[in-house]
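Please read the following report alongside the sequence and the coordinates. It is written for a reader who wants the cut-offs stated with the values.

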Amino acid sequence: VTQFIRCLASPQCCLVRLHLDHCRGYLANRDLAELFPSHVTEVLGVHLRRLTASHSGLTGIFPPAFYRSMKQLESLVLSHNHISGELGGEFRRMVSLKTCRLAYNDITGQLPPQIGDLTQLQHLDISHNSFYGPLPASFGKLLGLVSIRMDHNDLCGYLPSSIGDMQALDTLKLSGAITPEAYDEKRSELIELKVGCNLRLV
């Protein structure tokens, strides 16, 4: 598979979608940096719009070159793997990202403040990881969000009140507790609302 991806990354190839779901037999324990070295992502990133590789046993951390090269990527789906490390501030470089699904991994650290730069983001699922700490204030800038899934992490602190301005939001799942009285108006618009025990609305 690695050799196959490197062949696809030739300058003559204009790959737009790459689907590697359920490729555990080929990708199990394969490090992200090995699968997507910088010289591959630089070429892939020119045209690639969708990358999915769920249930494939991928490991390792996101290499910085991955973020820098994938500026055209609109959908990143890497759920149910063993990806670790932190997202880091370089995450903001994927400015075209609309869908980000990284659930059921081993990603840790705080959500970087730069996440607010991803203003095209519509679907965010980072549930079942090891994120901790408060949500950055910049999270409130993601007004185009339709679904937010951040449950089964160790997030704490306050939920930005600007979440009430997310007109398209219909799904909210958090590990935390939102004051019902302060959230009644937005809550009535949600199709799915699930909260736990640490977050409060301000």
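Predicted model: local features only at pLDDT ≥ 70, side-chain atom pairs only at ≥ 80, totals over all residues.

Residues are numbered from 1 along each chain as its sequence is written, and side-chain values use heavy atoms, with hydrogens and water left out.

The chain holds six helices and 14 strands, taken as DSSP runs (helices H or I of at least four residues, strands E of at least two) and numbered from the N terminus. Of its 202 residues, 49% count as buried, where buried means under 20% relative accessible area, exposed over 50% and partly exposed in between (1.4 Å probe, protein chains only). The accessible surface comes to about 9100 Å², with 50% of that belonging to carbon and sulfur atoms; the areas come from the Shrake-Rupley method with a 1.4 Å probe. Among contacts (heavy atoms within 4.5 Å) between residues at least 6 apart in sequence, 55% join residues at least 24 apart.

A nonpolar core is a set of buried Ala, Val, Leu, Ile, Met, Phe, Trp, Tyr and Cys residues joined through side-chain atoms within 4.5 Å. In the largest such core, which has 49 residues, Phe62, Leu76 and Met150 touch the most other members. Elements that each supply at least two residues of this core include α4 (38–44), α5 (64–69) and β11 (154–159). Residues up to four places away in sequence not counted, Phe62 touches Leu32, Tyr67, Leu76, Leu78, Ile83, Leu87, Leu102 and Ile107.

There are three salt bridges, each defined by a side-chain nitrogen of Lys or Arg within 4 Å of a carboxyl oxygen of Asp or Glu.

| Salt bridge | N to O distance |
|---|---|
| Arg30 and Glu34 | 3.8 Å |
| Arg93 and Glu90 | 2.6 Å |
| Lys141 and Asp117 | 3.8 Å |

Asp117 lies in the loop between β7 and β8 and Lys141 in the loop between β9 (130–134) and β10, so this pair ties together parts that are 24 residues apart in sequence. Asp117 is partly exposed at 35% relative accessible area, and Lys141 is partly exposed at 47%.

Pro113 also lies in the loop between β7 (108–109) and β8 (123–125), and counts as exposed because its relative accessibility is 54%. Leaving aside neighbours within four places in sequence, Pro113 is in contact with Pro136 and Ser138, while its C-alpha atom is separated by 8.3 Å from that of Leu135, 22 residues apart along the chain.
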